[in-house]
Amino acid sequence: MVLGLLAGAIAKAILPGRDPGGCVGTTATGIAGAFLGGWLSAELLDRPVQRDFFDAATWGSAIAGALVLLIAYRLLFGNSRD
């Protein structure tokens, strides 16, 4: 969960904007992004992610997965909330 919170926060810092959920949404985005990034890394790059917390590939895939989810959300639902 710590990795998810930090990965989601880093992804939102890279791609700022108004997204729903606050801290809980950021954590959920980061956790889902970590799973998505790990899966994509294993399937597309044929490089499974290590389960070490301090591994750069783990962090990179988690942040990349969270960015993919943020971009997909914005494409589907728009960038602004009314």
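pLDDT is the predictor's confidence in each residue, from 0 to 100. The protein chain here averages a pLDDT of 78, and 85% of the residues score at least 70. This is a predicted model, where local features need pLDDT of at least 70, side-chain atom pairs count only at pLDDT 80 or more, and totals for chains, interfaces and linings use all residues. Residues are numbered from 1 along each chain as its sequence is written, and side-chain values use heavy atoms, leaving out hydrogens and water.

Q: What makes helix 2 roughly perpendicular to helix 3?
A: Helix 2 (residues 22-44) and helix 3 (residues 56-77) pack at an angle of about 110°, their axes 6 Å apart. Angles of 65 to 115 degrees count as roughly perpendicular, so helix 2 is roughly perpendicular to helix 3.

Q: Why is Ile63 called buried?
A: Buried means under 20% relative accessible area. Ile63 has 15%, so Ile63 is buried.

Q: What is Ile63 in contact with, leaving aside its neighbours within four places in sequence?
A: You will find Ile63 in helix 3, in contact with Ala7, Ile10, Ala11 and Ile14. Ile63 and Leu6 are 57 residues apart in sequence, yet 8.6 Å apart in space, C-alpha to C-alpha.

Conventions. Axes are lines fitted to C-alpha atoms, for helices over the stretch in contact, and angles run from 0 to 180 degrees between N-to-C directions. Helices (H or I, at least four residues) and strands (E, at least two) are DSSP runs, numbered from the N terminus. Angles under 35 degrees count as roughly parallel, over 145 as roughly antiparallel, 65 to 115 as roughly perpendicular and the rest as oblique. Buried means under 20% relative accessible area, exposed over 50%, partly exposed in between (1.4 Å probe, protein chains only). Contact means heavy atoms within 4.5 Å.
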